[in-house]
Amino acid sequence: MILRRLLLVAVTGILFFASLGGEAWAGAEFLGIGTERAKAESLGIGTERAGAQSAGIGEAAPGVVVDGKPVEFNEKSGFPYLSDTGSTMLPVRACLGAIGCEVSWDDETKTVITWKGNTKVTIPVGKNEIDLNGKKVNTSAPAVIKADRVYLPLRTVFEAYGYQVSWDSKTRLVTANSYSNQNLTPLNINGGTTGIFSRKQLGFNGFTGIQAEVTLPKVSLAEKGDCPYVYFGFDWEGDGGNAEGGFQFIEDPSHPGYNRWTVFLRQGSEWRWGQNILLEQGSTHRIRFYSECVSSEQVDLVIDLDGREVVRKPSAVMDFSSTSAKAVIAMAMSNPFDGTNCFSQSEGAKIRALQVTKGWNTDSAASIETNANDNKYQDFDTYPLYHLWRPEVGAFGMHYGTVDCIPSYLHQEADGSISIYKD
């Protein structure tokens, strides 16, 4: 009976888990934008090619669209261009102004300072990093001063402000779409019809471990087969080998752990559970989900709970050089979620001290330190959150990465916990 129930829960779980840059005028000129000039190129956005070339920045400049509206440039604001290394360089004030950011220049420290709402991003010249609300974030290109102008890594800055940025080399078009500007429903969120969830996800940067202190929510189920989870995950681009591990609620009355929590690890259709792990609702635990390179031919996925290993399995994928990491609080549903039809509840799920690590690759048999921060756990919010909007996927487009599905069901409590219930 226990095995049958776990298989039923596994089926429910399977259904559920289904370098840009910019430019700023230095000193006082940095503060001015000037009158923008309309452009007439393909797609109605183009650039002022003659102006861009007369400024000594090479071939015709790319076009830029933010939330469906073209950003216009002139000789005062500067023109976008492609650098020798292939990065798209964008004028900072015109572009950040298009997303409602305030911008200033600190001439003494040679730093661009930007802010919007509660987000502040500073960009020091000459360093492959930005500062996001006090946390260092690595960038693919440093800010530089060239011809008395400062050029900035705007892709990372846009992503810090919640924008998904893409580049079309054929049309020479940069597009930036805000997460808040998208009309997100269960039908156009990746995994959205499987249930309600709060998903925080980082980019595909080679993460190998994630850990946190987790308080398990108290649960009230209205529909047989609904199943709460609090879990971590590793994703690969193309979804090949995606793995999840963490806490799963036991709602089978015939199971000895009924109305308690256990630990699971899933990759594809293969599930593992910790032996004799029965955890009380409302209890708090330290959990770590990580990959371990054990040989040139094997990488294991491992879960440690409260300081001891409880689950391990060989990973179906050995290459962790481009993995994404995520943390999820969820209510998987037995029926497809339409945005209104979940009546089960969980209360008080909390993830604290969330950290991630990188630090080895599978090009060799042994673990390899690839930089000074590898093999060290760092705060999750050291890295920008990942958002991706793909309008070409499915009938409604599709949003990937960090998302609330859907906000009306997810309630942030005063103590930082998240509860799931219908308003």
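Helices (H or I, at least four residues) and strands (E, at least two) are DSSP runs, numbered from the N terminus. With that in hand, let's work through some exercises.

This is a predicted model, in which local features need pLDDT of at least 70 and side-chain atom pairs count only at pLDDT 80 or more, while totals for chains, interfaces and linings use all residues. Residues are numbered from 1 along each chain as its sequence is written, and side-chain values use heavy atoms, with hydrogens and water left out.

**Exercise 1. Backbone angles**

Task: Find where Asn276 lies and describe its phi.

Solution: 
- Step 1. Look between strand S21 (270-273) and strand S22 (284-295): the loop there holds Asn276.
- Step 2. Asn276 is not a glycine, yet its phi is positive, about 55°.
- Step 3. Check the surface: buried means under 20% relative accessible area, exposed over 50%, and partly exposed in between (1.4 Å probe, protein chains only). Asn276 has 75% relative accessibility, so it counts as exposed.
- Step 4. Now try Asp67, in the loop between strand S2 (63-66) and strand S3 (69-70). Its phi is near 50°, again a positive value in a residue other than glycine. Asp67 counts as partly exposed because its relative accessibility is 24%.

**Exercise 2. A cis peptide bond**

Task: Describe the peptide bond from Cys405 to Ile406.

Solution: 
- Step 1. The bond is cis, with omega near -10°.
- Step 2. Ile406 sits in the loop between S30 and S31.

**Exercise 3. The largest pocket**

Task: Describe the volume of the largest pocket and the residues that line it.

Solution: 
- Step 1. Start with the idea: rolling a probe the size of a water molecule over the atoms shows where empty space is left.
- Step 2. The volume is about 1100 Å³, counted as the space filled by probe spheres set on the points, which are joined across faces, edges and corners.
- Step 3. The lining has 42 residues, and those nearest the centre are Lys200, Phe380, Asp381, Leu385 and Thr402. Elements giving two or more residues to this lining include helix H4 (154-160) and strand S26 (345-357). S26 supplies the largest share, six residues.
- Step 4. Sort the lining by type: 19 residues are nonpolar, 13 polar and ten charged. Here Ala, Val, Leu, Ile, Met, Phe, Trp, Tyr, Cys and Pro count as nonpolar, Asp, Glu, Lys and Arg as charged, and the others, Gly among them, as polar.

**Exercise 4. Salt bridges**

Task: How many salt bridges does the structure hold? Examine the partners of Lys136 and of Arg312.

Solution: 
- Step 1. A salt bridge is a side-chain nitrogen of Lys or Arg within 4 Å of a carboxyl oxygen of Asp or Glu. The structure holds 16 of them.
- Step 2. Lys136 meets Glu129 at 3.8 Å, N to O, and Asp131 at 3.7 Å. Lys136 is partly exposed at 47% relative accessible area, whereas Asp131 is buried at 17%.
- Step 3. Arg312 pairs with Asp300, their closest N and O atoms being 2.9 Å apart. This pair links strand S24 (residues 308-314) with strand S23 (residues 298-305), the two partners being twelve residues apart. Arg312 is partly exposed at 27% relative accessibility, while Asp300 is buried at 5%.

Note on methods:
On a 1 Å grid over the protein atoms alone, a cavity is a set of points where a 1.4 Å probe fits but cannot get out, and a pocket is an open set with protein on both sides within 12 Å along at least five of seven lines; lining residues have an atom within 4 Å of a point.
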